[in-house]
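Trainee: I have a new model on screen and want to learn how to read it. Where do we begin?

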Amino acid sequence: MNYSMGTEQKNMLHNIGVVDFVTVEMAQYLDTHPHDREAIEYFNHYMRMKNQMMRDYAVKFGPLSLSVADSCSKEWKWALQPMPWEGGC
């Protein structure tokens, strides 16, 4: 099966990756600074943004994780989309 991503899908994946990087870095910072309220607000803002981006991606192209698999549609798209070794993601 040959699967190629379009520009919109690539852009969405890129943006999710950027926001995911921010959340991982902020989580590491918060591990050592657990009382920094500004950092907690920053982390929460980017987690909400990431979750919305993941839901938007799932609706258009299929879920990237099981946590958003139910937001796609009435089909179980998790099993229908190409796996990474087939050119997906």
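Mentor: Begin with one side chain. Tyr42 has a relative accessible area of 39%, so Tyr42 counts as partly exposed. Under 20% is buried, over 50% is exposed, and partly exposed lies in between (1.4 Å probe, protein chains only). This is a predicted model, with residues numbered from 1 along each chain as its sequence is written. Local features need pLDDT of at least 70 and side-chain atom pairs 80 or more, totals for chains, interfaces and linings use all residues, and side-chain values use heavy atoms, without hydrogens and water.

Trainee: How many aromatic pairs does the search of the whole structure find?

Mentor: A pair of aromatic rings is described by the distance of the centres and the angle of the planes. The search finds 2 aromatic pairs. Tyr42 and Tyr46 form a tilted one, with 4.9 Å from centre to centre and 50° between the planes. (Rings of Phe, Tyr and Trp, the last by its six-membered ring, pair with centres within 6.5 Å; planes under 30 degrees apart are stacked, over 60 edge-to-face, the rest tilted.) Tyr57 and Phe61 are also tilted: their ring centres are 5.1 Å apart and their planes meet at 45°.

Trainee: Where do Tyr57 and Phe61 lie?

Mentor: Both are in helix 2, 4 residues apart, or about one turn of the helix. Tyr42 and Tyr46 are also 4 residues apart in helix 2, so about one helical turn separates them. (Helices, H or I with at least four residues, are DSSP runs numbered from the N terminus.) Check the accessibility too. Tyr57 is buried at 2%, while Phe61 is partly exposed at 24%.

Trainee: Which residues of helix 2 are buried?

Mentor: They are Ala39, Lys50, Met53, Met54, Tyr57 and Ala58. What covers them includes helix 1. Now look from the other side. In helix 1, the buried residues are Gln9, Met12, Ile16, Val19, Val22, Thr23, Met26 and Leu30. These pack against helix 2.

Trainee: Which residues make up the largest nonpolar core?

Mentor: There are 8: Met12, Ile16, Val19, Met53, Met54, Tyr57, Ala58 and Val68. Helix 1 (7–32) and helix 2 (37–61) each give two or more residues to this core. Helix 2 gives the largest share, 4 residues. Leaving aside residues up to four places away in sequence, Met12 touches Asp56, Tyr57, Lys60 and Phe61 (contact means heavy atoms within 4.5 Å).

Trainee: How many salt bridges are there?

Mentor: Side chains of opposite charge can pair when their charged atoms come close. The count here is 2 salt bridges. (The rule asks for a side-chain nitrogen of Lys or Arg within 4 Å of a carboxyl oxygen of Asp or Glu.) Lys60 and Glu8 meet in one, at 2.4 Å from N to O. Lys60 is in helix 2 and Glu8 in helix 1, so this pair ties together parts 52 residues apart in sequence. Lys60 is partly exposed at 48%, and Glu8 is partly exposed at 41%.

Trainee: With which residue does Lys50 form a salt bridge?

Mentor: With Asp20; the closest N and O atoms are 2.7 Å apart. Lys50 sits in helix 2 and Asp20 in helix 1, 30 residues apart, so distant parts of the chain are linked. Compare the partners. Lys50 counts as buried at 18%, but Asp20 is partly exposed at 28%.

Trainee: What does a side-chain oxygen of Asp36 reach at the start of helix 2?

Mentor: That oxygen comes to within 3.2 Å of the backbone nitrogen of Glu38. At the other end, helix 2 is followed by Gly62, which has a positive phi near 105°.

Trainee: Is Thr32 buried or exposed?

Mentor: Exposed, at 57% relative accessibility. Thr32 belongs to helix 1. Its side chain makes a polar contact with the side chain of His33, at 2.8 Å. (A polar contact is a pair of N or O atoms within 3.5 Å; within protein, one must be able to donate a hydrogen and the other to accept it, and residues adjacent in sequence count only if both atoms are side-chain atoms.)

Methods:
A nonpolar core is a set of buried Ala, Val, Leu, Ile, Met, Phe, Trp, Tyr and Cys residues joined through side-chain atoms within 4.5 Å.
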